[in-house]
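Here are some exercises to work through with the model open beside you. Try each task before you read its solution.

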Amino acid sequence: MTERLDGRQDPPAQAAGGPSPGPAASPSERRRLGPSPAVAIAFLLPAALLLGVWVVYPIVYSIFRSLFDAAGTGFVGLGNYATIFSDSGMLTTIRNNLIWVVVAPIMVTTLGLIFAVLTERIRWSTAFKLIVFMPMAVSLMAAGVIFRLVYEENPDRGVANAILTTVHDTFSTSQGYPEARPRGGDESPVADQNGAVVTKQPAQAGRPVLIPIVGVRPEFMPDNAQPARADAAGDGLAGTVWFDFTPGGGGQNNVVDAAERGLPGMTVEALQADGQVAATATTAEDGSFQFEGLPQGSYTVRLPQSNFETSYGGLSWLGPTLITPAIIGAFVWVWAGFAMVLIAAGLAAIPRDALEAARIDGATEWQVFRRITVPLLSPVLLVVFVTMIINTLKVFDLVFIIAPASVQPQANVVALEMWRVAFGGGNNQGLGSALAIFLLLLVLPFMIMNIRRFRRGDS
Amino acid sequence: MSTATATAPTGLEAGAPRRSLASKLVDRLGSGAVQVVMVVLGLFWLVPTLGLLVVSMRTTQVNNAEGWWTIFTKPAELTIQNYANLLGSGFTASFWNTVLITVPTTVLVIGIAAMAAYAFAWMDFRGRDTAFLVVVGLLIVPIQIALIPVASLYGAAGIFGSLPGVILFHVAFGLPFAIFLLRNFFVGIPASLLEAARMDGASEWKIFASVVFPLGKPAIASLGIFQFLWVWNDMLIALVFADTGNQPMTKYLQSQMRQFGSNVDILSSGAFMSLIIPLVLFFAFQRYFVQGMMAGSVK
């Protein structure tokens, strides 16, 4: 009885036991001098009454109730079950449950295994285990609020998108100029083509390509922009992308005026006659660009559409497409600690000699892990995996709290739908009962598995 | 397990020489990488809760304007105003309702389950093993199955929405796990202790109260903490069976979710209040918590 997060844990098989593990004690030993059956019944009565009225009777009642309509007066046979498998909203619900069952248990078990193995390699494993295990004590309601905050779409508020945009901006240097467009009109040397900006005439080496842009909003004008260079030239193809707008007025259209600034960070492409991109350049602070090592010839110059897209704002975690993966993320956050602690206990029970012997024989850490650790852990991994399947089938609170009301149809799961149908406004107890029975049927194989395993262990 | 241990290494190539300096260096670097990975993972698990704490200690205006992580540059913005506001709201009543539901449930589950577990472990009666297998089967029955039938029962009995209704529902669904856990522990009590007591003519009740129950303390502690957290954190049963006057924190907070954006102050501070007692219990009794978890999951 020394299970703690700090230090080695007893293997799970012994955790239930007191002075000696339970089911092993032989029945004949403990049947001497027993009291009369009447006494036994007295001891069992309160529990039997509660289980009978609150658990067993409802199962029987639900089976009958599921065969009747919403009001409970009309017999509909299996009609409610047919609804479960034909209604399009219900099918989304079942599909979501399928995603849950396939994805979540594997993720939790795998992460738990990785955590359990890695915590053996660090000195601060107690702190790590406490941190990862902590969500187990927190209500799923609170976990839901926590993840509503994490998944806020605005990167200035939601930490998930804050991380994503920071990572994205670190690796992508292109600065967006949303809503900017080429100067229009016949005189303009450039035109809009499907959101990109292209030169009307093929560009020639030695003659600067001028690309006038208008409609750059002040907040997107980079601070480092310098006055535009009119005579960008060099050996090869060169030119200038600039903001063709003189503050206060007075400038000439399509001409680089003194007060006009270049647009740095624009991606510029040189296109061959067949439309292939022959070279790419980026504009400097004064808006000038130059294609290095481009063969002689005639090219069209293009500013691809990516220059004009709004800056990256992260993902809509709480939108209809990502909502289920997002909630599974929260589920993994809650349950990884459970898996880690159980697996760590199993790991502690593995004889160290076997691992050491393999290492001395020259096995790599991966081989030791793959060929010895995992096979020896398989009973514990199975327990964790099955527990997680049962938990995913019953998942309710997290979906209910994290999915905003407008997205709940897309995030729906059977356990939640049962509540919605019967109590959350639907008021259809026939369909609700059918969903409850459906849920019971889903966990039934695991009930039978539990009973079988217990019988085997007890006899 | 021992056979697997003996055969597994044969699948590996043997005879590699002792570890070279280079491989030791690789190990050292590898351990550095493990440290970094674990720090990152630890942050992933810590940051969401930290975010909740900071958000709960900022005004709505600040929360709407900037992310909670700006706290590292602007610590002066922290305030306990949200918590003070909770005191005057419906949250306080819901906090007490949570206590009023959780404490009686935990006591009742322990008492009723311990009696049944004693009978299952140490009394002889016909159908005992079958009855216990039923309990094992009931371990994972989904709560949903009982919502509709029990709601109509409560309606007929006139206790729909009341605290006793919520408590009794919790007790019933707590029993299978509790009986299972305690029975497995009680079976391990040395038979000689009970036989001695029975020879002395002690009544079964006396044996239960003065021998079995005290000896079962470690298992009862595990069960108690588990049951407490389970009921404290429940939302589904409360949603269906507790009316507004008797609602616990989870249901109260859920009712504030519809306007998440404008209620962030109540929701974040309320959610943090709701998890503070479970966290304290968890840190104080983590040993029993882990024991209960392991005993319950290995079925």
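**Exercise 1. Work out what share of the contacts in chain A between residues at least 6 apart in sequence join residues at least 24 apart.**

Step 1. Take contact to mean heavy atoms within 4.5 Å.
Step 2. Of the contacts in chain A between residues at least 6 apart in sequence, 68% join residues at least 24 apart.

Before going on, note that this is a predicted model, where local features need pLDDT of at least 70, side-chain atom pairs count only at pLDDT 80 or more, and totals for chains, interfaces and linings use all residues. Residues are numbered from 1 along each chain as its sequence is written, chains are lettered from A and ligands numbered from 1 in the order in which they are written, and side-chain values use heavy atoms, with hydrogens and water left out.

**Exercise 2. Find the residues with the most contacts inside the largest nonpolar core.**

Step 1. A nonpolar core is a set of buried Ala, Val, Leu, Ile, Met, Phe, Trp, Tyr and Cys residues joined through side-chain atoms within 4.5 Å; buried means under 20% relative accessible area, exposed over 50%, and partly exposed in between (1.4 Å probe, protein chains only).
Step 2. The largest such core has 217 residues, and B:Phe169, B:Ile179, B:Phe186 and B:Phe241 have the most contacts inside it.
Step 3. Helix α8 of chain A (residues 323-348) gives the most to this core, with 20 residues. Helices here are DSSP runs of H or I with at least four residues, strands are E runs of at least two, and both are numbered from the N terminus.
Step 4. Beyond its neighbours within four places in sequence, B:Ile179 is in contact with residues including A:Ala47, A:Leu51 and B:Phe120.

**Exercise 3. Which salt bridges does A:Glu365 form?**

Step 1. Look for a side-chain nitrogen of Lys or Arg within 4 Å of a carboxyl oxygen of Asp or Glu.
Step 2. One partner is A:Arg121, with the closest N and O atoms 3.1 Å apart. That pair links distant parts of the chain, 244 residues apart.
Step 3. Another partner is A:Arg359, at 2.6 Å between the closest N and O atoms.
Step 4. A:Glu365 counts as partly exposed because its relative accessibility is 29%.
Step 5. A network of salt bridges links A:Arg121, A:Glu356, A:Arg359 and A:Glu365.
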